[in-house]
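Good morning, and thank you for coming.

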There are 2 protein chains.
Amino acid sequence: MKSNETLNRLTGQCGEWLRGSGPESDIVISSRIRLARNLADFPFIRKCTPHDRSAIERTVREKLLPAKELSQLMYVNVDGLENLDRQFLVERQLISRELAESVGARSVAIDEQEKFSLMVNEEDHLRIQVMKSGLDLDQAWEQINEIDDILEARLRYAFHRRLGYLTACPTNVGTGMRVSVMVHLPALVLTRQLDRVFRSLQKISLAVRGLYGEGSQSMGDFYQVSNQITLGRSEIDLIKQVGDVVPVLIDYERRARNLLFSQSEKDLHDRVSRAYGILCTAQTISSEETMHLLSSVRMGINLGLIRDLEIPTINQLFIHTQPAHLQRIHGSELDTENRNIERAIYLQRHLRQGRQADGSETN
Amino acid sequence: MKSNETLNRLTGQCGEWLRGSGPESDIVISSRIRLARNLADFPFIRKCTPHDRSAIERTVREKLLPAKELSQLMYVNVDGLENLDRQFLVERQLISRELAESVGARSVAIDEQEKFSLMVNEEDHLRIQVMKSGLDLDQAWEQINEIDDILEARLRYAFHRRLGYLTACPTNVGTGMRVSVMVHLPALVLTRQLDRVFRSLQKISLAVRGLYGEGSQSMGDFYQVSNQITLGRSEIDLIKQVGDVVPVLIDYERRARNLLFSQSEKDLHDRVSRAYGILCTAQTISSEETMHLLSSVRMGINLGLIRDLEIPTINQLFIHTQPAHLQRIHGSELDTENRNIERAIYLQRHLRQGRQADGSETN
């Protein structure tokens, strides 16, 4: 399958992480585990010549393509993509910004349901990622462990008996694992409790980042909670550390929602209902405002304040109104002004479609 | 007809001044002329005993009731009204704040279509008012002149051969006439040209006031332009002075709308469309915000940016969402919080009803 066909196919679907199902999916968007791996026979990326990078890319492709278990993967040559298409894959959480913005031979393999992606020549030779909708770290671990075994049977990993997997950045040495859970915390934001909560997470060495990872601003009240340290910990420990803290976060967010609801249901209803109204009627709207309003609507649906929309509709809008998605769906590049207009048109069309047949807008 | 029946009847209709028809009705809401008159046989109101006031009220009623030409008038004893009902008549522009807030015998006679009202014992013994929808000062003058003749045939006015009609306040001496035109100037507000325009009006002795007269804040971008001086001018001069300036104001407002439209039709469309969206979805909303948003929607309809609503619907909402109207329609008194909720419910219901059958919200 050619890269363009693959991207067209992805454009038409929603992807695992925004499917909106799975445990605790009112608050937990997705669970993700990634493993950093390097090939023993090549220098780390930073020391690679362009020739090395090509050789790594070719090696991975040639060794993995024949594997029956990986036969459904779609390979995308990231180096050969237009800037817009790379941005599209970043928005989709299938490649990192770093992979999008670097140069030289690099690629990504993606499974049809976007549960799994394998980046080649990112910071490490290999970055394996498994995504699950909702809170489901155990399943994610089971699957990524299986995939890692399949890869390890075909590729010689850089591994040190005492240190574990060797990685380009020392913070990843050991398991090479990052466990992260994306949560939606609009009520903690509204009640101004977020800083306090995040400070306690940092004390126990958990990192909190925005929707698009390191350095990205929080958008739409989405936050990623993940481990910062991998050395000296087992995979099970890391999963447990993140997995134990998420129910606490969920509990905080639920309490904050209940507080808002009990203190002033009317004001909360007003906020989510107006957000819905603006999304349906704006004629030009930025990505940032869209995320902000969709976040309110999402909480409103979960609290039963908006009854004629469903979470998957909103999740799809979160991703489809991102700049690169919008342009791919539109079929051509658009400047900011025209993107904002196109986004408003897209929102109007899909929020109307998303409404159930009863014809009401809000309860 | 009892006062309460009269008020119930008024509650169910819209009134002449917001009918939304007449010349230039996209910008000119209404034309109004009022005459201040006093009875020769009584002292001015400020010098009246309670007994005098009652006598004036009774005299006017007894002399006018038998007049065939005035037989359709509804008499309301303002002194006997609840506070809420007095406020209702103020919102309706049928009595002044001063009449509502003063004490002692006082009343108002209103015709069925609310084109004419006669206040008794306001600042002067009689305040006669005629309203026309749109810009129609000539018709208003013709009608009020006729009514004044009917009254003068039955009541002895305080009149001085050289000075003209004598009034409680020296600024009204002469014709006792105030000519005022209510205009809707949202584009001049948006383009920040209003102060400049109003300063030039003041230089030619015209007053500019908000929706509810002297001292009232501008609400919903409505302004009343009227003469400040009556002494030494003829009625025809006064009408001409105001009547000549209104077309200039209309021209300024139209130019400002065209400017907004040509500079950024999209932003203008966005503004009016969002205003519409918020009005349809708010769950609690203040009177001030409602007026502000209705003003945008009104301009949007006039500019063809909103096609599924009509001006009379919006005009009715302007008046029916005022605090006293809202409470009368609801059937009981409401505190601010509950008024804001009731207002949101009223807006939702009527904006949906107001939509044309094509089902679209905006073009």
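How many Å separate the centres of domain 1 of chain A and domain 2 of chain A, taken over C-alpha atoms? The separation is 27 Å. This is a predicted model, in which local features need pLDDT of at least 70, side-chain atom pairs count only at pLDDT 80 or more, and totals for chains, interfaces and linings use all residues. Residues are numbered from 1 along each chain as its sequence is written, chains are lettered from A and ligands numbered from 1 in the order in which they are written, and side-chain values use heavy atoms, with hydrogens and water left out.

Domain 1 of chain A covers 3–257 and domain 2 covers 264–358, with bounds from an automatic or database domain assignment. Their contact (heavy atoms within 4.5 Å) takes 31 residues from domain 1 and 24 residues from domain 2. Together the two domains bury about 2300 Å², 63% of it on carbon and sulfur atoms; buried area is the accessible area (1.4 Å probe) that two parts lose on being put together, summed over both.

One salt bridge is found across this domain interface, the term meaning a side-chain nitrogen of Lys or Arg within 4 Å of a carboxyl oxygen of Asp or Glu. On the domain 1 side, α1 (3–11), α3 (83–91) and α6 (186–190) of chain A are the elements that give two or more residues. Helices here are DSSP runs of H or I, at least four residues, and strands are runs of E, at least two, numbered from the N terminus. The largest share of that side, five residues, comes from α3(A).

Let us turn to the two chains. Chain B and chain A bury about 1900 Å² between them, 48% of it on carbon and sulfur atoms. The contact involves 21 residues of chain B and 20 residues of chain A. Two salt bridges cross this interface. A:R274 and B:E289 meet in a salt bridge through their side chains, at 2.7 Å, N to O.

Finally, consider helix α3 of chain B, residues 83–91. Among the buried residues are B:L84, B:F88 and B:E91. The packing partners of its buried residues include α1 (3–11), β2 (74–77) and α10 (311–320) of chain B. After the helix comes B:Q93, with a positive phi near 65 degrees.

Key: Buried means under 20% relative accessible area, exposed over 50%, partly exposed in between (1.4 Å probe, protein chains only).
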